[in-house]
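Hi everyone, thanks for making time this morning. I'd like to walk you through one structure, so please have a look at it with me.

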Amino acid sequence: MRWPKWFRRSVEKTTRTRPFDEDALPEPVAPTLEQSVEEGMLLAEYATRMSVKNHIVVDTIQYGNSYDPALHAMEAAAMLRELASEQGIAAGRIEEELEAAENLGGDAEHPHDYRKVDVDNLRLRRDAAIELARQLRAKADSDDELTALVERGRKDAWDEVGRAIEAGLDAFSGAEALKADYEREKPARLKLLIWRDLARLEDERTGY
């Protein structure tokens, strides 16, 4: 059965979609200086926590040293100052790009070809880098901030070690994983491992 021409034309009209109009999209809202700095600080703190966590794991597990918060605070301070230095270098580079862009019109030829239209964005990036460097150095000089970072790093390290121990228990248990009460018994086996095997390891290292 063939549909009448008037019906086919009606269907075509109702299913036709408009072409995409990029100009109809709303203008993205530019971030403020405060938002840029806050985001940068969150990323810097996360990177520092991961660095401290790795430092704790290597120093205490791999090398067998006692947990020393002061040692790890030094690691956190060094990391924060390194990140602050990177932001200072970035601010200087952006300042040069800003000076060049202020006198250039026309369209950019590549992503790093900045022109007058990019001046506001470059100023924001420069100011954010300068403020980030200042706040990172202040955090590196604060005993309270360093203590908080180290404590969070310690918790991250213990969580990572705990997951590794559980994975080892799962692999070692083998056929026990098939038992219905496996999940119920796993916490008890984990405690037994900590009380027995880690205590024995401590005795071997200390000689007591």
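Let me start with a term: a residue counts as buried when its relative accessible area is under 20%, as exposed when that value is over 50%, and as partly exposed in between. By that cut-off K53, with a relative accessible area of 11%, is buried. Please keep in mind that this is a predicted model.

Now the overall picture. The protein chain has six helices and zero strands. Of its 208 residues, 27% count as buried. Among contacts in the protein chain with a separation of 6 or more, 66% are between residues 24 or more positions apart.

Back to K53, then. Which residue does K53 form a salt bridge with? The partner is E160, and the closest N and O atoms are 2.7 Å apart. This pair links distant parts of the chain, since E160 sits in helix α5 and K53 in helix α2, 107 residues apart. E160 counts as partly exposed, at 29% relative accessibility.

Also in helix α2 is T60. T60 is buried, with a relative accessible area of 18%, and its side chain reaches the backbone oxygen of I56 at 2.6 Å.

Let's move to helix α4, residues 119–140. Its 22 residues reach 32 Å from the first C-alpha to the last, close to the 32 Å expected at 1.5 Å a residue. Buried residues in α4 include L132, L136 and K139.

L136 brings us to the core. The largest nonpolar core has 22 residues, and L136 is one of those with the most contacts inside it, along with V37, M41, L80, L83 and L146. Helices α2, α3, α4 and α5 each give two or more residues to this core, and the largest share, seven residues, comes from α3. Leaving aside residues up to four places away in sequence, L136 touches M41, A44, L80, L83, A84 and Q87. There is also a second, separate core of five residues, including V119 and L122.

Last, the charges on α4. R126 and E95 meet in a salt bridge at 2.9 Å, N to O. R126 lies in helix α4 and E95 in helix α3, so the pair ties together parts that are 31 residues apart in sequence. R126 is buried, at 17%, whereas E95 is partly exposed, at 26%. R134 and E131 also form a salt bridge, at 2.6 Å; being three residues apart in helix α4, they are separated by about one helical turn. In total, the structure holds ten salt bridges.

Thanks, and I'm happy to take questions.

Methods. Residues numbered from 1 in each chain as written. Predicted model: local features only at pLDDT ≥ 70, side-chain atom pairs only at ≥ 80, totals over all residues. Heavy atoms only, no water. Helix = DSSP H or I, 4+ residues; strand = E, 2+ residues; numbered from the N terminus. Expected span 1.5 Å × (residues − 1). Buried < 20%, exposed > 50% of the residue type's maximum accessible area, 1.4 Å probe, protein only. Core = buried A, V, L, I, M, F, W, Y, C linked by side-chain atoms within 4.5 Å. Contact = heavy atoms within 4.5 Å. Polar contact = N/O pair within 3.5 Å; in protein donor to acceptor, adjacent residues only side chain to side chain. Salt bridge = Lys/Arg side-chain N within 4 Å of Asp/Glu carboxyl O.
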